Amino acid sequence: MSQTDHLVTDCSKCAALCCIMLAFDKGDDFAFDKNPGEPCRNLSGHLCSIHDTLRQDGFRGCVAYDCLGAGNRVVQEVFGGKTWQTEPRLIRVMMEAFHGMREVHKRIDILRAAETLPLDKNDEQIRLGYLARLEDTRWSGSELNEFEMTLALEIDIFFHSIRKYMPPSFAAEIES
């Protein structure tokens with residue numbers, strides 16, 4: 001495994017991509033509706049103006065959300081520290097990259113969790129190979145855009161092939 005744990009979220013190295021890209025509906029977890037691509041009204045620069053009181057202000061969903069490091073990795077690795085706020089033309093491509101990186105990180109998380117399964121030697125080698133490919137790749141925007149139709153599909157087929165090793169709760173997590 002690589003030295004950097006890509007699944008560690010560090011909002012200080014991000015550009016509030018989740019606060020822009022993600023949508024939510026008013027309800028128990030969010031105090032108002034927000035459309036995808038619309039900056040959250042609590043966003044001030046790259047920071048949440050109510051971060052310290054999110055739960056009390058009706059944003060339990062924000063407290064619970066974890067991008068698994070996708071946001072900081074997109075800003076730092078894919079865009080070299082550039083942000084949509086200093087370069088507004090980047091907003092759409094950064095949102096697309098964030099979506100793709102979330103899919104990469106979701107699969108890293110599942111491949112890591114699959115370490116606990118009693119895989120045979122061949123399946124374990126395949127698991128480790130996919131994990132290395134995802135963790136050791138320095139992703140570009142175009143690679144992230146292609147990911148879901150290429151490598152993600154391969155990995156999803158692999159997940160299906162190892163279902164025989166999975167307890168029902170693990171299989172349900174993969175399908176979500």
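Ala16 is buried, with a relative accessibility of 8%. Its place is in the segment before helix H1 (17-21), and its phi is near 55 degrees, a positive value in a residue other than glycine. The model is predicted, with a mean pLDDT of 92 for the protein.

**Confidence**

- In the protein, 98% of the residues reach a pLDDT of 70 or more.
- Among the elements, helix H5 (residues 121-136) has the highest mean pLDDT, 97.
- The lowest mean pLDDT among the elements, 74, belongs to helix H8 (residues 168-175).
- Where pLDDT is low, the predicted coordinates should not be read in detail.

**Positive phi**

- Most residues other than glycine have a negative phi.
- Besides Ala16, whose phi is positive, Leu68 has a positive phi, near 60 degrees.
- Leu68 sits in the loop between helix H2 (60-64) and helix H3 (70-78).
- Leu68 counts as partly exposed, at 23% relative accessibility.

**Cysteines**

- How many disulfides does the structure hold? The number is zero.
- Cys18 is in no disulfide, and the nearest cysteine sulfur, that of Cys19, is 4.0 Å away.
- A disulfide needs two cysteine sulfur atoms within 2.5 Å.
- Cys18 is partly exposed, with a relative accessible area of 27%.
- For Cys40, the closest cysteine sulfur is in Cys19, at 6.0 Å, which is too far for a bond.
- Cys40 is buried, and its relative accessible area is 10%.

**Helix packing**

- Two packed helices are described by the angle between their axes and the distance between the axes.
- H5 packs with helix H7 (residues 151-161) at an angle of about 155 degrees, and the two axes are 11 Å apart.
- H5 and H7 are therefore roughly antiparallel to each other, and their crossing is left-handed.
- On the H5 side, the residues that meet H7 are Asp123, Ile126, Arg127, Tyr130, Arg133 and Leu134. On the H7 side they are Leu151, Glu154, Ile155 and Phe158.
- H5 also packs with helix H4 (residues 91-113), at an angle of about 145 degrees and with the axes 10 Å apart.
- In the contact of H4 and H5, Val104, Arg107, Ile108, Leu111 and Arg112 come from H4, while Arg127, Tyr130, Leu131, Leu134 and Glu135 come from H5.
- The crossing of H4 and H5 is left-handed.

**Tyr130 in H5**

- Tyr130 lies in helix H5 and counts as buried, at 11% relative accessibility.
- Which residues does Tyr130 contact, leaving aside its neighbours within four places in sequence? They are Leu111, Leu151, Glu154, Ile155 and Phe158.
- Leu111 is among the H4 residues in the contact with H5, and Leu151, Glu154, Ile155 and Phe158 are in H7.
- From C-alpha to C-alpha, Tyr130 and Gly69 are 18 Å apart in space, and they are 61 residues apart in sequence.

**Arg102 in H4**

- Arg102 has its place in helix H4.
- Is Arg102 buried or partly exposed? Arg102 counts as partly exposed, with a relative accessibility of 27%.
- Leaving aside neighbours within four places in sequence, Arg102 is in contact with Met21, Leu22, Tyr65 and Ala70.
- Arg102 and Lys13 are 89 residues apart in sequence, and their C-alpha atoms are 16 Å apart in space.

How values were computed. Residues numbered from 1 in each chain as written. Predicted model: local features only at pLDDT ≥ 70, side-chain atom pairs only at ≥ 80, totals over all residues. Heavy atoms only, no water. Buried < 20%, exposed > 50% of the residue type's maximum accessible area, 1.4 Å probe, protein only. pLDDT = per-residue confidence, 0-100. Helix = DSSP H or I, 4+ residues; strand = E, 2+ residues; numbered from the N terminus. Axes fitted to C-alpha atoms, helices over the stretch in contact; angles between N-to-C directions. Parallel < 35°, antiparallel > 145°, perpendicular 65-115°, else oblique. Left-handed = near helix turned anticlockwise from the far one by under 90°. Contact = heavy atoms within 4.5 Å.
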